[in-house]
Protein chains: 2
Amino acid sequence: MIALEECLIFLLAKAYQHVNSVARTRLESFGVTPTQYALLHVLWEHGPQSGAALGARLRLDSASITGLIDRLAHLGLVERSPDPTDRRVSLVALTIRGAELQAPLQEAIAAFNAELDAILGAAESARLRALLRGLISAYPLPTR
Amino acid sequence: MIALEECLIFLLAKAYQHVNSVARTRLESFGVTPTQYALLHVLWEHGPQSGAALGARLRLDSASITGLIDRLAHLGLVERSPDPTDRRVSLVALTIRGAELQAPLQEAIAAFNAELDAILGAAESARLRALLRGLISAYPLPTR
DNA sequence: TATAAGTATCTTGTATACAAGCTATTTCAA
DNA sequence: TTGAAATAGCTTGTATACAAGATACTTATA
C-alpha cells in the first residue's frame, strides 16, 4: 500500500492547503483572499477586460469567475460595465479603491514570497517553482 | 510587480488544481474523489476510528470531515456506529463495499503516481515530494 | 440573409475547505 | 465532588472550484 505521504497528489493538496492558509492570514488585514488578489493583479497588470479574459488568464471557469467578480464588486474593488462593442460582454475594471490597494497588497505578497524563500532557501524555492511549472504545463486544463 | 507565475502560492494553487483535476478523472469510474480516496485509505490502513481521528490524520477540520463522511456513507462505502465507551464519538468503519474497493482503487492511484513520475522523472518527482514535505512541516496547521 | 455554430455570462448543483458557534459529553481541578 | 475546561460532532455561513445547462448575443456559413 503506497502511503498517502508518498503520493504527489496528496502532498500537493496539503502543501497548497497549508501555504494558502498562511497567505490568507497575511492578506487578512486588507480584506481580500489570495484568489481575489490574483484577479486584482491581472487588472493592475493588463487593465480592464472581460470576465472571459480574466478566466483564461487565471484558468478559472465561468462559474468561478462570476462569483469572484461578484465578491470583489461587493467589496467595492472592481466594477462591471457593458462592452459597447459586444453586448454579451461585461468589462471588469478597477475602482479607485481597487487601484489604491495595488501598492500595499503587492508589498504584502512580496513579503510572503520572501518568507517562503527563507524557509526553503532561494535555490530550493526556484527549483520548486520550476517543478510546479513542469506539472502545470504537462496537464493543460481543458478549454471549456 | 512580481508576476503571478513567479509566486509560489499561485504556482502551488494551479499545480494542485491541474493534478487534482486529472486525478479526479482517473478515479471517476469508481465514483469517488481524491479526497474521498484519502479517507478510505486511512480506514484501510488504520481501521475503524472516530471522525476526530480521521480529521487529525487528514488535516481536515470537523466541518469538512462531517461532510466527507456523510458523502461516503451515502455512497455505502463507510458507516457510522456509536462508540460504546464515549457517547460523544461515532466510529467510522468500512462497509463490505468500501473494503472491496481497496484493491482496484489502490491500483488506480499507483498508476496515477507512475504517470506523474514518468512526466517529471523519478528523481525530480522525489525531489518535488521532498520540497513539498518541507513546506508542509514549515507551516503546521493550527490545532482547532 | 437565414441559420447554424460559437461565445459570454449566469445559474444550479456538488465537493472541498475554513471560521465560528452550538450541544452533548467527558475530563480535569479546586 | 462539583464546576470549569476540553472534546466530538454538527450546523451555518463564506470562498473556491468544476460540471452542466440556460440565455442572450455574435459570427460564420450555406
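Over how many bridges do β2(B) and strand β3 of chain B pair? I looked this up in a predicted model, where local features need pLDDT of at least 70, side-chain atom pairs count only at pLDDT 80 or more, and totals for chains, interfaces and linings use all residues. I kept in mind that residues are numbered from 1 along each chain as its sequence is written, that chains are lettered from A in the order in which they are written, and that side-chain values use heavy atoms, with hydrogens and water left out.

**Sheet of chain B**

I found five bridges between β2(B) and β3 (residues 90–94) of chain B, in the antiparallel sense; strands are DSSP runs of E of at least two residues, helices runs of H or I of at least four, and two strands pair if DSSP finds at least two bridges between them. I noted Pro82(B) opposite Ser90(B) in β3(B). The open sheet runs β1-β3-β2 in chain B, so β1 (49–50) and β2 (78–82) stand at its edges, each with a single partner strand.

**Interface of chains A and B**

I read a contact (heavy atoms within 4.5 Å) that takes 57 residues from chain A and 57 residues from chain B. The buried area (accessible area, 1.4 Å probe, that two parts lose on being put together, summed over both) is about 5,500 Å², with 77% from carbon and sulfur atoms. I then listed four salt bridges across this interface, each a side-chain nitrogen of Lys or Arg within 4 Å of a carboxyl oxygen of Asp or Glu; one joins Arg133(B) and Glu6(A) at 3.8 Å, N to O.
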